[in-house]
Amino acid sequence: MWQGLYQELKDRNFIVIAIALDSCGADAVRQWIRATEPTPPPMLELMGWGERERAAAGAPTYPCLIDEKHVVAELYNIVNVPMAVWIDERGRIVRPTESAGASDAFRKLNRADFSLPPDASAQAKAARTSYFDAIRDWVIKGERSAYALGADAARDRVAGITGQDARAITLFRLGQYLFAHGHRADALEYLAEARRLRPESWAIARQSWEIEEAGKAAGPDFWAAVQALGDRPYYPPAKL
Amino acid sequence: MSIAILHDRREYQAADALAEGDNLWLGLDDLRAASGWELKPEGACMGERCVPIPPGREAEFLRDGGRRFNLAALARLLGNPIAHDDRHGVWAFGAAPAERNQSLRTLEAPDFTLPDLDGRMHSLADYKGMKRLLMAWASW
């Protein structure tokens, strides 16, 4: 779906660089990048893709990179997906890491029949549309766009990490390394500890669940954790 | 014993390391290859930056007549988190939170290099001069 936006804007000196945070590597992501079957419509609705995006869908021609070690997550403090960062021509961050058009509408999903109430469907679409419109504005107007933040405003939005976060990131890296080297059982202990120390990072939690068992990232543990958020957002909305 | 050392983005196998409890003693060549730190008369140095060994604490940092250096002691001094698995001989050293936060607040987009599906490598810097939307997603 990002392909449609990219196609629309690519002649304006703009590129999308997709980063798949996936410890299981190319095999885990191939079917998503080079889809052999169309995404089911309820899934598209859940993700807020409207008619315009669906009509322009296609296989990505922008770079789709695979980040098995979550290097980019560490460098840019990415704690969930989809999240995005805007980087200008000179390599300056003009919008730090934030939710990329996603919304909490999925929390209203009826998981028995995969249906979404109309208000949730509208919420998903509105989040997607406003984010895409902001990108269009930036690409066309550059630094004159109200969405391209000045240095002070951008710096104010940079979320820092705590000592405990840093420890969780290090344990996650150790767990990942052990997993990649065939020591799955030992890896899981470190990953669980990382998850415990940094519950705010859904990227750590869901990746480590997925390493434990395929599908667990979207299983009962995930839904229980989302439920436990109560009034707090899963995707803090991008402040556009 | 052979120890795998994960330090910043480096991964290095140190053939002759001594892991003792929370200390990791490395020969000076291994120290440099694993971490980028070098032992100089001023202390432990990386590029322009030198960290003096705290006076009176030399034994925590150096042994075997100065031929081995304790990378874990330096990490503790600098506030870098450490995690190690002794069963498989793996030590991970993370970024200190203050340092990471400072670099995030410079608003300079840090470079990285990663493969695409065909194994071709791409760096963020390859796309310099363009507006770049860095978008993280996952299959899970």
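This is a predicted model: local features need pLDDT of at least 70, side-chain atom pairs count only at pLDDT 80 or more; totals for chains, interfaces and linings use all residues.
**Domains of chain A.** The assignment places domain 1 at residues 2–156 and domain 2 at residues 163–228 of chain A. I recorded 23 Å between the C-alpha centres of these two domains.

**Chain A against chain B.** I then turned to the interface between the chains, where 69 residues of chain A are in contact with 43 residues of chain B. Helix H8 (residues 163–180) of chain A contributes the most to the side of chain A that touches chain B, with eleven residues. By class, I found 47 nonpolar, nine polar and 13 charged residues on that side of chain A.

I followed strand E1 (residues 14–21) of chain A to strand E14 (residues 131–137) of chain B; the two pair in the parallel sense over seven bridges. For A:Phe14, I identified B:Lys131 as the bridge partner in E14 of chain B.

**Helix H9 of chain A.** I checked helix H9 (residues 184–197) of chain A, whose 14 residues reach 20 Å from the first C-alpha to the last, close to the 20 Å expected at 1.5 Å a residue. I listed its buried residues as A:Ala187, A:Tyr190, A:Leu191, A:Ala194, A:Arg195 and A:Leu197. Viewed down the axis of H9, these buried residues fall within an arc of 160°, and therefore line one face of the helix. I found the buried residues of H9 packed against H8 and helix H10 (202–212) of chain A, together with strand E10 (82–85) of chain B.

Technical notes:
Residues are numbered from 1 along each chain as its sequence is written. Chains are lettered from A and ligands numbered from 1 in the order in which they are written. Two residues are in contact if their C-beta atoms, placed from the backbone, lie within 7 Å. Helices (H or I, at least four residues) and strands (E, at least two) are DSSP runs, numbered from the N terminus. Ala, Val, Leu, Ile, Met, Phe, Trp, Tyr, Cys and Pro count as nonpolar, Asp, Glu, Lys and Arg as charged, and the others, Gly among them, as polar. Two strands pair if DSSP finds at least two bridges between them. Domain bounds come from an automatic or database domain assignment. The expected span of a helix is 1.5 Å times one less than its number of residues. A residue is buried if 20 or more other C-beta atoms lie within 10 Å of its own, exposed if 12 or fewer, and partly exposed in between; C-beta atoms are placed from the backbone. The arc is that of the directions from the helix axis to the C-beta atoms.
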